[in-house]
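Reader: I'm new to this structure and could use a guide. Can we go through it feature by feature?

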Amino acid sequence: MWFLAVLWISSLLMGSQVQSSASLRRANAGSGRCQYTFTVDSPTEASCPSPGSTPEMEALKSRLGLLEALVARLVGGEVMPESSQSSGSGLQDSYNQVMGENAQLKREKQRLDRQVQDLQQRMEELRQEAERLRSRPCMQQTSSRVPQNDNSFTPGSGPVPSNLASRPGNPQEDKSSLRDPAWQYSNPGYQELTAVVTEVTAPNLDGPADISGCGDLVWVENPEVHRKADSIAGKYGVWMQDPEAKEPYGPDMVWRIDAVGSEVRQLFGYENMDQLTRGFPTKVLLLPESVESTGATMYKGSLYYQRRLSRTLIRYDLHAESIAARRDLPHAGFHGQFPYSWGGYTDIDLAIDENGLWAIYSTNKAKGAIVISQLDPHNLEVKGTWETKIRKTSVANAFMICGKLYTVASYTSPDTTVNYMFDTATSQGKAISVPFKNRYRYNSMVDYNSAKRKLYAWDNYYMVSYSVRLGKQE
């Protein structure tokens, strides 16, 4: 009875919250004893949660159930409500827009990659130019003086730059040295050149040009454009026609080398000038040795060029497609020692004129003045050598006509001049002034073709030619 009393007191304490839901049941247990059971409903929980579950877990299960039902309806082909269809269409449009933007970004990335490649190549050009400028000797200021005759060039004086200082040891130990041991550095002076400019009387331009015989250069026509190079590799280069072509190639065949790069070996051949303009090469040769800069030339069925990083000259037979001769040019500077003013490792420039094959270069013994050597076109032996009194680094380019050397004053000025002539027949030189135009303001190559009586040039990607007139300078 005491237990009933306890239950009665508990029900009184719980008040009205359990009066309607509390119950007391009495029954015999399985053991036969009397058992009282008191039951009270929870005032807050609708059902008893299973062990280990939480309200959040139950809500998640509910949402997953709804999602599974929705997927089952879609798989079964059941028609979705209009609101659901519009949401799917919006998602598809967004997806298409994102994919379009992604394709556009890929194209933009490819364009930027190409620009980066071009900039890297341009940086390499600038690095080479900076290297050349650092290696150039500094000239000491001297008072200007007007000489009284054409042969009165006089050497100036100045200190020997540290980068040209002689090195000890046997000169024969390193034949590939950039410094020529033939110069003993006993006289530290450098040549400073001044001259009276000889103005050239313009020829009669009304009649046809005289293309027979030899004479002095008296006029250079405006440039004619033939083609623009396709890529950064053609920023500068060399193009030419053989004035005495041999089979299997005719006199109209045009040859071209793009000179930008560390391994320049491709020689492109075009059937004629029209095919060059159209950009359709009929022959592409891979040279066995890399080409150095823009000093190559073509003569009697062979390509003549300087091997990279050396003073070695190579004769490449176009018919046999192999090297026919090679020889070092004695004491010649190379790879930035005595280039033209525009740089580009133009230390050795090969040229052709009515008298044959020439090399235009300099040596330590000449102290940077231009040296001219006539070469045997068969075996490249030196047949004769002349030393001028004009510094190679002070001119932009040079070429030979009728055994005479001519130099161009500037490679960037749109209106410059052919400013110097040296005659190998008399060993005399003089300053002249024949107008010359650099239309595209970066002329890296000028060569003469005696058969066409034209100058061929490579001006800032453009292959151009100039008709010339020969006569008598007054």
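This is a predicted model: local features need pLDDT of at least 70, side-chain atom pairs count only at pLDDT 80 or more; totals for chains, interfaces and linings use all residues.

Reader: Okay, sheets. In what order do the strands of the open sheet run?

Author: The general idea is that strands of a sheet pair through backbone hydrogen bonds, either parallel or antiparallel. Here 4 strands make an open sheet, ordered E8-E9-E10-E11, with antiparallel pairing. Strands E8 (237–240) and E11 (283–286) are the edges, each pairing on one side only. On average, neighbouring strands are turned by 20 degrees against each other, direction ignored. As for terms, strands (E, at least two residues) and helices (H or I, at least four) are DSSP runs numbered from the N terminus, and two strands pair if DSSP finds at least two bridges between them. Angles run from 0 to 180 degrees between N-to-C directions, with axes being lines fitted to C-alpha atoms, for helices over the stretch in contact.

Reader: Which residue stands opposite valine 238?

Author: That's isoleucine 257 in E9. E8 and E9 (residues 254–258) pair antiparallel over 4 bridges. At the other end, E10 (residues 266–270) and E11 also pair in the antiparallel sense over 4 bridges, and leucine 267 stands opposite leucine 285 in E11.

Reader: And are the faces of E8 covered or open?

Author: In a regular strand the side chains alternate between the two faces of the sheet. Both faces of E8 are covered: Gly237 and Trp239 are buried on one side, Val238 and Met240 on the other. Buried means under 20% relative accessible area, exposed over 50%, and partly exposed in between (1.4 Å probe, protein chains only).

Reader: Now salt bridges. How many does the structure hold?

Author: Side chains of opposite charge can pair when their charged atoms come close. The structure holds 12 salt bridges, each a side-chain nitrogen of Lys or Arg within 4 Å of a carboxyl oxygen of Asp or Glu. One of them joins aspartate 230 and arginine 227, at 2.8 Å from N to O. Aspartate 230 is exposed at 61% relative accessibility, while arginine 227 is buried at 12%.

Reader: What does glutamate 289 pair with?

Author: Arginine 326, with the closest N and O atoms 3.2 Å apart. Glutamate 289 sits in the loop between E11 and E12 (297–299) and arginine 326 in strand E15 (residues 322–328), so the pair ties together parts 37 residues apart in sequence.

Reader: Where is aspartate 317 found?

Author: In strand E14 (residues 312–317). Aspartate 317 counts as buried because its relative accessibility is 17%. A polar atom of its side chain lies 2.9 Å from the backbone nitrogen of histidine 319, and one lies 2.8 Å from the backbone nitrogen of alanine 320.

Reader: Last one: which residues form the nonpolar patch on the surface?

Author: Leu64, Leu67, Leu70 and Val71, with about 330 Å² of accessible area together. Leucine 67 belongs to helix H3 (residues 55–75). Patch residues have over 30% relative accessible area and no salt bridge; like charges are joined within 9 Å, nonpolar side chains (Val, Leu, Ile, Met, Phe, Trp, Tyr) within 5 Å. The areas come from the Shrake-Rupley method with a 1.4 Å probe, and for residues only the protein chains shown count as cover.

Key
Residues are numbered from 1 along each chain as its sequence is written. Side-chain values use heavy atoms; hydrogens and water are left out. A polar contact is a pair of N or O atoms within 3.5 Å; within protein, one must be able to donate a hydrogen and the other to accept it, and residues adjacent in sequence count only if both atoms are side-chain atoms.
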